[in-house]
Amino acid sequence: MRGLVGRMMGSRFVRDSATLQAASMLNSVASLACALALAHVLGSLQQGEFYLAIATYSFLWFSVNLGLYPVATSQLAAAAARGSDYKVAFWTAYLVKALLWMGTAFAILAVAVLPWVAEQVYGNERVGWVAALMALTPLVELPRSACCAAFQGTRRMVVLAKVENGQECVRVFLVVAGAVVTQDALGPAIGMLLASCVGSILAVDAYVRETRSGEKPLPKVRTVLGLLKDVPLFYGLRLGLRLGVTQNMHALGVNILPPLVLGVMGNTRWVAYMRLAQRIVDAIRTLMQGINRTALPYFSELVGLKDLHGLRRAYWRATLWSGALVSTGVLLILPLVPYLVQSFPSDYRGPVWTVFLILAPGVMVVSFSVANDTFYLVTDNLKVAIVFGAVQFTVHLMALALLAHFFPELGPSIALTLFFFSSVVHPVYAYFWFRRRGRDEGVTAHTPAAAVGESS
């Protein structure tokens, strides 16, 4: 046992995962505390409007968003593993340039369409204007996104965790303060934007310090900015589109469509109830986030080394460890949730507890799918991921519409759990893929680098 613990602590993958795990859990607890505070400050109707505005803005964002962040992070990891400082700077500059263009276009589109859509769909134009305000977030967070991609790709997980925890602490304070001042959804939205500004400042400050560190410093800011005009805007577009489709369908199905359906059905209060239950569930799901985010750079390194055996071992370890941790967490926290919901306002307690019981089994199943997106990306199987995702998403939409019609309050939660259950298809596919490729000496499928034309 002592030897096993020693080997685990000596593994950089385990250390990096544990670092991000602790940071994710801290962020999740802070997010739950923020939601609880908003429940008392705003009440279910105004809090529901706030979450509905977030879902509305997020729906548009994930409908146009390309998977640029994970693509750039994967390429950064491969470049760092080869010791190519130029490629690290190149991909950081590419992410800055791509996010700048995409964020600007998105902000203009959001202001133009979201207020009108909210008026037509919800009969509440105010929700649309709050959503349009939050659509500035991708632009405001651009520096943070670029810096954090560099931290994650070069496996500076402690620095990444500090930046994210710092922003989350500021976010909780500013969101609650905004709610206290305005007593409606506008205040928390302004608080979120201000927190994004602070997060970008923290990230840039940390990045500058890392350019001066003794351990393989990052490219200087002026080096990255100097590459902006030379970086082809559409360089990683094809791969980004593929990955964006797979990730966006999951985000839409889990976090966005269920509250939107509740908003369309006129159950704005149930938007707040469902989001509170999801916050409790998310506190447990953070047990898989550290593994998930460490997997991307680690798997990319293994593919760069053509180590199929190591990739297979890392995938199944990540899958089984995350599933075991989350499932154990659900079983342990289950008896405590009734006591937790007693801290909510009285009208929240019954609905939040009921929704939590509906979501818990699905969370246990989906926790075994932590490394799926990374697996599909590094093995160049994104076409398969798109097919699986499209089928899952289509079935989910039909179940969501049908269940919401017959059960307007609980139907979206039931549909979400069924969506979680469908995730078992991904580990099954990975099993047969590794089995088929088991006799190969290495991963011979095109890596993401080859897919976008990188040759060095």
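**Helices, salt bridges and a nonpolar surface patch**

Val391 is found in helix H18, helices (H or I, at least four residues) and strands (E, at least two) being DSSP runs numbered from the N terminus. The model is a predicted one, in which local features need pLDDT of at least 70 and side-chain atom pairs count only at pLDDT 80 or more, whereas totals for chains, interfaces and linings use all residues. Residues are numbered from 1 along each chain as its sequence is written, and side-chain values use heavy atoms, with hydrogens and water left out.

The chain contains 21 helices and zero strands. Of its 456 residues, 57% are buried, where buried means under 20% relative accessible area, exposed over 50%, and partly exposed in between (1.4 Å probe, protein chains only). Helix H8 (residues 157–182) has 26 residues and spans 37 Å from its first C-alpha to its last, close to the 38 Å expected at 1.5 Å a residue, the expected span being 1.5 Å times one less than the number of residues. Gln183, which follows H8, has a positive phi near 60°.

Five salt bridges were counted, each defined as a side-chain nitrogen of Lys or Arg within 4 Å of a carboxyl oxygen of Asp or Glu. One of them joins Arg126 to Glu49, with the closest N and O atoms 2.9 Å apart. Arg126 lies in helix H5 (residues 125–134) and Glu49 in helix H2 (residues 12–64), so this pair ties together parts that are 77 residues apart in sequence. Arg126 is partly exposed, with a relative accessible area of 43%, whereas Glu49, at 8%, counts as buried. A salt bridge is also formed by Glu210 and Arg156, whose closest N and O atoms are 2.7 Å apart; Glu210 belongs to helix H9 (residues 186–210) and Arg156 to the loop between helix H7 (142–153) and H8, 54 residues apart, and both residues are buried. Within helix H8, the side chains of Glu168 and Arg171 meet in a salt bridge (2.7 Å, N to O), the two residues being three apart, about one turn of the helix, and both buried.

On the surface, Val387, Val391, Val395 and Met398 form a nonpolar patch with about 370 Å² of accessible area together. Such patches are made of residues with over 30% relative accessible area and no salt bridge, like charges being joined within 9 Å and nonpolar side chains (Val, Leu, Ile, Met, Phe, Trp, Tyr) within 5 Å, and accessible areas come from the Shrake-Rupley method with a 1.4 Å probe, for residues with only the protein chains shown as cover.
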